[in-house]
Amino acid sequence: MAKSPEEEHPVKAFGWAARDHSGHLSPFNFSRRETGEEDVRFKVLYCGICHSDLHSIKNEWGNAAYPMVPGHEIVGVVTEVGSKVEKFKVGDKVGVGCLVGACHSCESCSDDLENYCSKLILTYNMPYHDGTRTYGGYSDTMVAPERYVVRIPDNMPLAAGAPLLCAGITVYSPLKYFGFTQPGMHIGIVGLGGLGHVAVKFAKAFGVKVTLISTSLSKKKEAIEHLGADSFVVSHDPEQMQAAMGTMDGILDTVSATHPLLPLLGLLKNNGKLILLGVPEKPLELPAFSLIMGRKTVAGSGIGGMKETQEMLDFAAKHNVTADIEVVPMDYVNTAMERLAKADVRYRFVIDIGNSLSATKP
Ligand SMILES: [Zn+2]
Ligand SMILES: [Zn+2]
């Protein structure tokens with residue numbers, strides 16, 4: 001018989017877990033493996049609440065296994081390193097994002113694209129190499145192989161830096177890969193949420209012109225005055241969309257609700273690229289004519305490899321890019337999830353694990 005989560009490993013751990021598809025989170029005793037020779041163990045101080053956490057705990061993607069400890073925007077301080085660990089020592093500020101493992105022998109892995117390895121192991125809700133399940137960052141400690149641990153730059157605030165481990169790399173990687181970083185370019189960002197707001201900041205840090213495309217005019221002031229977007233287009237205002245036709249070199253589409261692509265394709269210049277980052281439940285309609293006329297591309301992109309995640313953090317630290325966050329205590333997490341479902345957050349909740357988790361121990 002399989003051992004219980006509390007007994008399968010030697011090191012005691014405590015976190016909050018969802019027990020069923022209601023998604024309700026509550027205190028949970030479990031265990032983590034001992035620090036292996038290539039492992040880094042750290043005390044978790046902060047963990048961001050990603051929209052994926054909400055989808056996962058409610059089993060909206062159909063792959064949930066309970067109990068589930070979510071969280072893949074995890075930062076903290078190293079407490080122990082294995083004998084073969086070279087890059088980290090006790091006391092270092094580190095983070096773990098969406099990945100904790102991959103095959104390390106395929107083409108993706110050799111190209112530092114562990115995120116596209118067919119055997120990738122996500123930080124929570126996945127079977128690990130040893131057959132036990134992975135548990136995420138809504139917990140007191142974390143242990144992961146050195147390859148999947150990144151260094152948080154000294155000048156980066158830990159709480160506001162945490163969301164970069166998922167939201168940040170998700171937008172940074174396509175900006176770089178699709179060449180949306182050349183000065184003089186005009187880039188559209190669709191949707192102003194957890195992804196969209198850091199996309200605006202990274203794109204501005206690269207020095208490109210940024211237009212925020214949103215359904216809600218109410219976000220215009222915020223996008224321009226606070227986040228630094230150059231302009232704002234209301235997506236269901238035909239006049240504004242018409243005025244912006246054919247002006248953009250690239251668009252990052254962060255929207256995960258079903259929405260029409262045709263108007264967005266119209267905003268692109270010839271050879272322009274529309275990059276999908278959100279995952280709508282139903283397939284989107286792709287009008288071929290609007291791609292053919294102007295030789296346009298529609299592509300997708302998902303998080304990033306570990307090497308690029310470190311590069312992204314270093315770039316963010318240099319250009320003072322962090323997420324706008326609302327820090328909440330652990331026992332607020334269920335309320336935070338309800339608010340997140342209504343997009344009632346600017347723009348990311350981050351759980352203050354270090355100061356509030358232990359008080360919730362039964
Ligand atoms: Zn995420
Ligand atoms: Zn691989």
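The model is predicted, so local features need pLDDT of at least 70 and side-chain atom pairs count only at pLDDT 80 or more, whereas totals for chains, interfaces and linings use all residues. Residues are numbered from 1 along each chain as its sequence is written, and chains are lettered from A and ligands numbered from 1 in the order in which they are written.

The unreviewed UniProt entry annotates residues 23-351 as "domain: Enoyl reductase (ER)". Such annotations may be inferred rather than shown by experiment. Over this range the chain is 26% helix and 26% strand. Helices (H or I, at least four residues) and strands (E, at least two) are DSSP runs, numbered from the N terminus. The end C-alpha atoms of the range are 17 Å apart.

Strand S1 (residues 11-18) and strand S2 (residues 25-32) run antiparallel and are joined by eight bridges. Two strands pair if DSSP finds at least two bridges between them. Trp16 stands opposite Pro27 in S2. Six residues lie between the two strands of this hairpin. In the turn, Gly23 has a positive phi of about 80°.

An open sheet holds six strands in the order S12-S11-S10-S13-S14-S15, with parallel pairing. Its edge strands, S12 (231-234) and S15 (297-300), each pair on one side only. Neighbouring strands are turned by 20° against each other on average, direction ignored. Within the sheet, S13 (residues 248-253) and S14 (residues 268-276) pair over five bridges. Met248 stands opposite Leu268 in S14.

Helix H5 (residues 194-206) lies across S10 (186-190), S11 (209-214) and S13. H5 runs at about 170° to S10. Axes are lines fitted to C-alpha atoms, for helices over the stretch in contact, and angles run from 0 to 180 degrees between N-to-C directions. Of the 13 residues of H5, 10 are buried (20 or more other C-beta atoms within 10 Å of the residue's own, with C-beta atoms placed from the backbone). Among them are His197, Lys201 and Phe202. Gly207 follows H5 and has a positive phi, near 90°.

The axes of helix H4 (residues 167-177) and helix H10 (residues 306-318) come within 10 Å and cross at roughly 95°. H4 is therefore roughly perpendicular to H10 (65 to 115 degrees). Residues in contact have C-beta atoms, placed from the backbone, within 7 Å. Gly168, Ile169, Tyr172 and Ser173 in H4 meet Glu308, Thr309, Met312 and Ala316 in H10.

Technical notes: A residue is buried if 20 or more other C-beta atoms lie within 10 Å of its own, exposed if 12 or fewer, and partly exposed in between; C-beta atoms are placed from the backbone. Two residues are in contact if their C-beta atoms, placed from the backbone, lie within 7 Å. Angles under 35 degrees count as roughly parallel, over 145 as roughly antiparallel, 65 to 115 as roughly perpendicular and the rest as oblique.
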